[in-house]
Amino acid sequence: MELNSPIFSLNNVGPAIAKKLKKINLNTIGDLLYHIPFRHEDFRGGMPIKDLQDGLTMSVAAKVELIGSRRSFKTRKMITEALVSDNSGSLRIVWFNQPYVAKIIEIGSDWQFSGTVKSDMLGPQLVNPTFEKKSAQVVNAAKFIPVYSVTAGLSQKLLRFLVEQALEQVKKIPDWLSEDILEENDLLPLSAALNAVHFPADKHDLENGFKRLKFDELFLIQLRAEIARRGRLTQKASVLDFKEKEIKDFVDKLPFALTKPQKLSAWEILKDLSKQSPMNRLLSGDVGSGKTVVAAMALYNTALNGLQSVLLAPTEILAKQHFDNITRLLSHLDVPICLYTRTQFAKNNLEENIESKKLKKEIVENLKEGKIALAIGTHALLSDKIEFKKLGLAIVDEQHRFGVEQRNDIKQKGKGVHFLSLTATPIPRSLALTLYGDLDLSVIDELPLGRKSIMTRLVEVYNRQKAYDFIRAQIKQGRQAFVVCPLIENDSNDKKSVLAEYEKLSKKIFPDFKVDFLHGRLKSKDKEAAMNKFKNKQTDILVSTSVVEVGIDIPNASVMMIEGAERFGLAQLHQFRGRVGRSIHQSYCFLFTDSTSEKTLGRLKFFEGNLSGFKLAQKDLEDRGPGEVYGTAQSGVAGLQLAKLTDYTIVKMAREAAIKAADNLDKLPLLKQKIKSFEKQVHLE
Ligand code: ADP
Ligand code: MG
């Protein structure tokens with residue numbers, strides 16, 4: 001018998017039951033063992049009948065005095081009634097529609113009954129209790145009874161019975177963790193751990209069982225990542241010389257001095273590029289920390305080596321902005337750059353205006369011929385049409401917006417492509433390793449000098465006018481403001497929408513200012529026009545949906561006003577806030593909400609008091625889980641059922657153990673086998 005033996009190899013599982021088990025995805029012995037009870041009922045020690053109280057879930061050990069079944073006159077249900085007693089008193093029991101009970105339980109025998117007490121006029125009564133023959137073992141054992149999720153026709157009792165059988169079998173299955181790993185991490189052997197999560201002796205035992213199973217999950221994920229990392233190191237990549245002189249020249253010509261972590265990250269990246277194996281690195285830095293210029297250095301260095309690179313952005317607006325910024329940064333250098341999105345095409349060294357369709361065709365050809373060194377764009381660049389002559393480096397901005405598939409697609413555009421992801425969602429190192437696996441990490445944990453911290457206020461409803469007055473004063477001083485709303489149009493819940501706020505602000509509140517709006521349903525040329533007008537200060541106030549969430553860089557904007565703030569996660573609010581405070585101007589973030597929920601207000605207050613994206617992400621992670629924080633692509637981290645990414649201690653333990661195990665894998669055949677089947681399982685998910 002093995003974990004993947006079919007479930008019908010257990011006693012009492014015929015086709016009918018197997019079918020029902022299949023309904024809740026229980027097909028193998030392993031499925032059953034990993035069908036973890038969602039809680040345990042505490043039935044430790046029987047209670048004297050005289051002490052039973054209404055509503056208590058308890059068990060009693062008692063002798064059966066009377067038992068019999070009858071059909072209810074009114075409801076036609078079978079009713080089985082019993083009278084049982086111990087030396088403190090007697091108790092009525094009733095079962096509905098379980099006539100077999102009367103056949104099993106004999107008058108005069110001793111049983112343990114477990115269930116919830118319901119009192120009526122005649123005193124206490126147990127309804128539909130579970131029952132077990134009172135043997136010495138049952139009475140002596142302090143017991144937690146597992147409660148499983150089941151489906152119609154499957155009883156808790158049957159499931160417990162099957163799990164007990166499976167647990168008996170699992171004793172024969174060798175543990176894939178070696179004695180050493182168990183000992184070093186103070187873990188239960190597999191069969192003991194499974195026993196403990198189903199039938200724990202006590203709370204401590206239960207915790208230990210869970211610890212082992214969580215460790216398994218986190219360990220396998222990290223071991224797989226570590227193996228992938230070592231595999232990557234044996235792959236061949238294009239070796240890109242670190243062109244120190246040119247890079248230094250580039251840095252000297254920047255209008256600002258790089259921060260220390262910017263320099264360090266750039267150095268780590270450029271060093272990776274010069275290696276023989278492909279880079280796979282995540283550059284994490286808070287909003288406004290200046291990741292773009294670091295990326296530009298890597299892109300430039302690749303061009304200097306005569307290879308092509310690609311920079312992928314999640315939205316057209318962002319792609320266009322990157323194109324503008326990077327062409328500006330590299331304007332004094334001879335690097336042919338193109339913009340390629342679904343609807344926008346451009347080249348930096350274009351002499352005359354070319355019609356868009358023609359330009360698109362030309363770009364596709366140029367990329368293939370290697371005449372363009374750097375392609376900046378969106379998903380459109382992933383299309384099969386796009387081929388590169390020799391792609392050396394791929395960079396993905398705001399990487400959580402891309403799925404694993406897309407990230408792989410871009411790597412497929414060349415051989416041994418170096419890969420860099422950028423993210424503004426700060427992530428603890430150990431989490432990055434668990435979430436993104438085979439990855440090295442660079443962190444920009446310092447904002448450029450002279451940035452003033454953004455003053456953040458959760459504004460009371462009655463202070464709305466004051467906030468408007470404040471915005472007015474800011475605009476009079478030459479600044480600009482964003483207003484972010486959760487929706488484009490009002491829905492029935494009457495939430496704040498872009499169109500309604502635009503009406504109100506442009507007509508009633510700020511008729512003397514230039515107000516414009518932006519949302520995802522606009523045509524891309526209208527979106528671009530709105531962005532350009534705002535960038536060129538032709539617009540004072542831009543009302544927008546979350547499309548301004550990522551990356552948008554308008555240094556002159558100093559106010560971010562967020563309507564319906566309760567609708568956004570903390571990390572997302574932080575992204576909005578990061579749209580301002582990008583220059584020397586003191587900046588402000590105002591939050592509005594109609595919510596009166598204490599929890600929501602608490603969350604927004606936390607945001608008000610915390611400027612660190614790292615702390616906010618951590619809180620989001622704890623409150624809302626990784627899917628919300630790191631994007632839908634990671635909503636269910638493959639391979640994690642019991643463990644959470646916030647189980648920091650176990651994450652760390654598992655990490656260290658995984659590195660050690662990767663060193664010794666040849667001496668751990670069972671583990672090797674396990675990781676292979678895990679690979680398959682994750683792949684299927
Ligand atoms: P993010 O990391 O959020 O992508 P950006 O790369 O858009 O940030 O940079 C934000 C702004 O800061 C840009 O206007 C950029 O030119 C500027 N910037 C970047 N690095 C520095 C620096 N070392 N000193 C001053 N300004 C900088
Ligand atoms: Mg950015």
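The model is predicted, so local features need pLDDT of at least 70 and side-chain atom pairs count only at pLDDT 80 or more, while totals for chains, interfaces and linings use all residues. Residues are numbered from 1 along each chain as its sequence is written, chains are lettered from A and ligands numbered from 1 in the order in which they are written, and side-chain values use heavy atoms, with hydrogens and water left out.

The C-alpha trace of the chain spans about 100 × 65 × 45 Å along its principal axes. Its secondary structure comprises 24 helices and 22 strands, taken as DSSP runs (helices, H or I, at least four residues; strands, E, at least two). Of the 685 residues in the chain, 53% are buried (under 20% relative accessible area, 1.4 Å probe, protein chains only). Among contacts (heavy atoms within 4.5 Å) with a separation of 6 or more, 72% join residues 24 or more positions apart.

Turning to the ligand, 16 residues lie around ligand 1, and Gly288, Lys291, Thr292, Arg451 and Arg582 come nearest; a residue counts here if one of its heavy atoms lies within 4 Å. This shell holds five nonpolar, six polar and five charged residues, with Asp, Glu, Lys and Arg as charged, Ala, Val, Leu, Ile, Met, Phe, Trp, Tyr, Cys and Pro as nonpolar, and the others, Gly among them, as polar.

A backbone N or O atom of Ala257 lies 2.8 Å from a nitrogen atom of ligand 1. Oxygen atoms of ligand 1 are found 3.1 Å from a polar backbone atom of Gly290 and 2.9 Å from a polar side-chain atom of Asp553.

Methods:
Polar contact = N/O pair within 3.5 Å; in protein donor to acceptor, adjacent residues only side chain to side chain. Buried < 20%, exposed > 50% of the residue type's maximum accessible area, 1.4 Å probe, protein only.
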